[in-house]
Amino acid sequence: MRRYGKNPDEDDVRVRPNRKGNRPRTNIRPKHEDASEGLVLTVDRGRLTVLIDDRSVTAMKARELGRKSAVVGDRVAVVGDLSGAKDTLARIVRVEPRTSTLRRTADDDDPYERVVVANADQLAIVTALADPEPRPRLIDRCLVAAYDAGLDPLLVLTKSDLAPADTLLASYGALGVPYLVTNRDELADGSAADRVRERLAGRMTAFVGHSGVGKTTLVNALVPDRRRATGRVNAHTGRGRHTTTSALALPLPDDSGWVIDTPGVRSFGLHHVDPARVVLAFPDLMPGTDGCPRACSHDEPDCALDGWVAEGHADPARLYSLRRLLATRERREGD
Ligand SMILES: Nc1nc2c(ncn2[C@@H]2O[C@H](COP(=O)(O)OP(=O)(O)OP(=O)(O)O)[C@@H](O)[C@H]2O)c(=O)[nH]1
Ligand SMILES: [Mg+2]
Ligand SMILES: [Zn+2]
């Protein structure tokens, strides 16, 4: 089975799908009361960079953590040398319970989950309007993952200097997903960053999308003093070059939130997703599920939603959108 990704140590732990979204607390808690709290900023080959107060401390997992992984966005307890001085290495002794866990699998039939980020509360789904071509299937998949994990989605459509946004936006109208459209000129004059920043205020937002869509370009515009490398899109294949190879959390100026730049993905497998959690993102449809059979997928002949919507209780376009999202798991990407 193909395993996605180049950073096997980032969260290379086989985990059981957990339907509740949060992991149980670890039972090796009470020790290390002297430990300091920190935030995982990035993970690179088993070395984690943890922000403690205003110092970046390099740390590794303590043996007692076992196979439990710490990922970007995790709150962790750290002991040892916390000076942040060169060549020091602290130890992470605890990963605090997460408020959210964004997961994906390589494929829908692949039970191997990887955690993309922890504790994010917003998912910016970044899609280029051209170069590379937008792929609505990936947007739908990211939406499902966001709803499943309890993150608020934000659609960010880049490169409107190359192609218009209307067709793509029309197909998301009924979903009511908030969106932003950016282009090259607005990146240059700072107005794109200003508009995006408004949507990020006070939140921890993970940026995801295909390689080359402009995630890092946008993050650089938002956090200008921490420039990361960006990459040209290959003129022949129309694909990005996977320039970013590890996730990195960056604070927005003036303590106004956090952004997490992530490596471009080829796919967003949804093996772990529970349809019942996706419906929660459709509060207008929820009452209609009362008449559903047990463990209804809401995309089957016995589903009560059809009759309920036909009686006029909710907008049929909303049910259509829900079904489209649920069905994205049965279809291959790129269809
Ligand atoms: N025309 C145009 N090009 C853009 C825009 N935003 C980004 N780009 C270009 O798109 C290319 C890819 O940008 P990156 O920011 O590296 O893309 P990424 O999503 O971070 O890619 P990975 O790190 O590989 O996942 C660069 O050449 C950018 O200059 C835009 O609004 N318009
Ligand atoms: Mg990048
Ligand atoms: Zn149903």
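This is a predicted model: local features need pLDDT of at least 70, side-chain atom pairs count only at pLDDT 80 or more; totals for chains, interfaces and linings use all residues.
Buried means under 20% relative accessible area, exposed means over 50%, and partly exposed is anything in between, worked out with a 1.4 Å probe on protein chains only. As for bookkeeping, residues are numbered from 1 along each chain as its sequence is written, chains are lettered from A and ligands numbered from 1 in the order in which they are written, and side-chain values use heavy atoms, with hydrogens and water left out.

**Overall layout**

- The protein chain has eight helices and 13 strands; these are DSSP runs numbered from the N terminus, with helices being H or I of at least four residues and strands E of at least two.
- Contact means heavy atoms within 4.5 Å. Of the contacts in the protein chain with a separation of 6 or more, 68% are between residues 24 or more positions apart.

**The zinc site**

- Four residues hold the zinc ion (ligand 3): Cys292, Cys296 and Cys303 through SG, and His298 through ND1, at 2.2 to 2.4 Å.
- Donors here are N, O and S atoms within 2.8 Å of the metal (3.2 Å for Na, K and Ca), and sites may look incomplete because water is not among the atoms.
- The site of the zinc ion (ligand 3) is tetrahedral, with angles of 105 to 114° among its four donor atoms. The cut-offs: four donors are tetrahedral if all angles lie between 85 and 135 degrees; four are square planar and six octahedral if opposite donors are over 155 degrees apart and all others between 65 and 115; anything else is irregular.
- His298 counts as buried because its relative accessible area is 7%.

**The magnesium site**

- The magnesium ion (ligand 2) is coordinated by OG1 of Thr216 and OG1 of Thr244, at 2.0 to 2.1 Å.
- Those two threonines come from distant parts of the chain, 28 residues apart: Thr216 is in helix α5 (residues 215-222), and Thr244 is in the loop between α5 and β12 (248-251).
- Thr216 is buried, as its relative accessibility is 8%, and Thr244 is buried at 11%.

**Rings and charges**

- A search of the whole structure turns up one aromatic pair. Tyr147 and Phe282 make that pair edge-to-face, at 6.1 Å centre to centre and 70° between the planes.
- The pair ties together distant parts of the chain, 135 residues apart, with Tyr147 in helix α1 (residues 136-149) and Phe282 in the loop between α6 (275-279) and α7 (305-310).
- For the rules, rings of Phe, Tyr and Trp (its six-membered ring) pair if their centres lie within 6.5 Å; planes under 30 degrees apart are stacked, over 60 edge-to-face, and the rest tilted.
- Both Tyr147 and Phe282 are buried.
- Arg104 has its charged end over the ring of Phe268, 6.0 Å from its centre, and Arg324 lies over the face of Tyr172, 4.9 Å from the ring centre. A charge sits over a ring if NZ of Lys or CZ of Arg is within 6 Å of the ring centre and within 35 degrees of the ring normal.

**Salt bridges**

- The structure holds 17 salt bridges, each one a side-chain nitrogen of Lys or Arg within 4 Å of a carboxyl oxygen of Asp or Glu.
- Glu96 and Arg94 meet in one of them, at 3.1 Å from N to O. Glu96 is buried at 13%, and Arg94 is buried at 15%.
- Arg55 pairs up with Asp53, their closest N and O atoms 3.8 Å apart. Arg55 is partly exposed at 29%, whereas Asp53 is exposed at 62%.
- Asp121 bridges to Arg203, with the closest N and O atoms 3.8 Å apart. This pair links distant parts of the chain, 82 residues apart: Asp121 is in the loop between β7 (113-118) and β8 (122-128), and Arg203 is in strand β11 (residues 203-208).
- Asp121, Asp152 and Arg203 join into one network through salt bridges that share partners.

**Around Ala77**

- Ala77 is in strand β4 (residues 75-79) and is buried, with a relative accessible area of 1%.
- Leaving out residues up to four places away in sequence, Ala77 touches residues including Ala35, Ser36, Arg94 and Glu96.
- Ala77 and Glu37 are 40 residues apart in sequence, yet 4.7 Å apart in space, C-alpha to C-alpha.
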